[in-house]
Amino acid sequence: MRFRLLVPLGLLCALLPLHHGAPGPDGTAPDPAHYRERVKAMFYHAYDSYLENAFPYDELRPLTCDGHDTWGSFSLTLIDALDTLLRGKCWLSVEPSLCPHSCLGSLFCDYLAFQTPTGMPYGTVNLLHGVNPGETPVTCTAGIGTFIVEFATLSSLTGDPVFEDVARVALVRLWESRSDIGLVGNHIDVLTGKWVAQDSGIGAGVDSYFEYLVKGAILLQDKKLMAMFLEYNKAIRNYTRFDDWYLWVQMYKGTVSMPVFQSLEAYWPGLQSLIGDIDNAMRTFLNYYTVWKQFGGLPEFYNIPQGYTVEKREGYPLRPELIESAMYLYRATGDPTLLELGRDAVESIEKISKVECGFATIKDLRDHKLDNRMESFFLAETVKYLYLLFDPANFIHNNGSTFDAVITPYGECILGAGGYIFNTEAHPIDPAALHCCRRLKEEQWEVEDLMREFYSLKRNRSRFQKKTMSSGPWQPPTGPGTFSSPENQDQAREKKPAKQKIPLLSCPSQPFTSKLALLGQVFLDSS
């Protein structure tokens, strides 16, 4: 408890008193207020246990009440949980030094992994030294296609297009690598572009690629990204869907390779809701919900024909995906069945998983044995989506009826109007804040031209002639199907007719250490 008020952490949101109301009688919809407070209590039980027993390690080991490092030794659970602490308009202030280089700086360094002949990135990069000489060139599809949301945001905040550019190239390369029947595999060699694992599905190894096509399209208002997803969606329906389940098939032939449901696939109904496909989303969600009811959680693998778990895949590490889908679908439909899933999740997790020092992974759903681990996504995603499911008035659900008008040196910005986009780890991005800070590229090019001329660069071009926008040594690969090279961009800009200038709605330039922000709120060093 003492850590919650620790001054250096800057955690200024006070814990509200818990409400102890009871749910309605049997046969009625769960009481959102009651379960919202239950979820809040779950969060603080896990959060306080981590701070008291595991911090500064990455994760809590709830059975032994200690901690261990899993993903780089930078207090991952704390970093992941920070925006879950937001409730209503209570802002969480964080010291910039709390988020170490491996957290924020990784976004600046990760683009080094994209220096491959295909433009698709390596799966792992050393933040100090780049790609290790012995690093495997085989990367999963999701590992290649899950950058556009964060990297486009980073380009907007820094004014450097390289991050968004490399993310777009990777997306397009995957698109160009799909089979003749429109499917992608699970793992690909980023040096040769050849598929190594040819199982095609919507689950592990592929999932967030599809997620980011949709979310990237919404966040950036990009019709091409949405068109890609809709084409994939057709192929997925044609070859992998059976009775509202989604199986794994061979990417070139469409023949079934694994008739299993993976718990990671439970994000899919939520994704369907984002494109307006509510009927299909609800039918698939109800299939997944029957599995939850059977075991009190979702096993990692579920054999659909046999209706039971798969050997060595019987566990439930408190994943968020089904709850995430319930939240999206409830916002779209108001169907009380979705609240029932939330109720069942709260009751199951508390009954099976809760221990003295947090919540433990369920090692085996058949006998409810526990494992000594609480992964960071439990606080970052599972609890967050549960809370939002039961909190219809939360500012995250804003429909645009309220907003904040902020005056900047570049004009008026509208912030907090809703439409928040969650990245794949459930960290929200305010699209209005993103577009407020996004500099129009045409204006950026003009500034770069003036700077190059001022410093008398080697190329002796006219003052009004456009030049490359590249900001570093990386260049997108050339050749057939290349997304866009700097040279092509020069030519395209020279051919563009003059457009009427639009006043910039851009955020004032901030030093890097001042750019830590939550939902558009910037915290300066002096704050």
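**View 1. Ile 188 and Trp 195 in a predicted model**. Ile 188 stands opposite Trp 195, a residue of strand β5. Strand β4 covers residues 187-189 and is joined to β5 by 2 bridges. These two strands run antiparallel.

**View 2. The open sheet β3-β4-β5**. The sheet has 3 strands, in the order β3-β4-β5, with antiparallel pairing. Strands of a sheet pair through backbone hydrogen bonds. β3 (138-140) and β5 (195-197) are the edge strands; each has a single partner strand, so one side of each lacks a neighbour in the sheet. From one strand to the next, the twist averages 35 degrees.

**View 3. The crossing of helices α7 and α8**. Two packed helices are described by the angle between their axes and the distance between the axes. Here the axes of α7 (residues 207-220) and α8 (residues 223-239) come within 8 Å and cross at roughly 145 degrees. The crossing is left-handed. On α7, the residues in contact include Tyr 209, Phe 210 and Leu 213; on α8, they include Met 228, Phe 229 and Tyr 232. The contact residues of the two helices divide into 12 nonpolar, 1 polar and no charged.

**View 4. The largest cavity**. The structure holds 7 cavities of 30 Å³ or more, and the largest has a volume of about 120 Å³. Its lining divides into 7 nonpolar, 2 polar and 2 charged residues. Among the lining residues are Asp 83, Thr 84, Lys 384, Asn 394 and Phe 422. Helix α13 (residues 377-389) gives the most to this lining, with 3 residues.

Notes
Residues numbered from 1 in each chain as written. Predicted model: local features only at pLDDT ≥ 70, side-chain atom pairs only at ≥ 80, totals over all residues. Heavy atoms only, no water. 1 Å grid on protein atoms, 1.4 Å probe; cavity = no way out; pocket = protein on both sides within 12 Å on 5 of 7 lines; lining within 4 Å. Points joined across faces, edges and corners; volume = space filled by probe spheres on them. Helix = DSSP H or I, 4+ residues; strand = E, 2+ residues; numbered from the N terminus. Nonpolar A, V, L, I, M, F, W, Y, C, P; charged D, E, K, R; others polar. Axes fitted to C-alpha atoms, helices over the stretch in contact; angles between N-to-C directions. Left-handed = near helix turned anticlockwise from the far one by under 90°. Contact = heavy atoms within 4.5 Å. Pairing = 2+ DSSP bridges.
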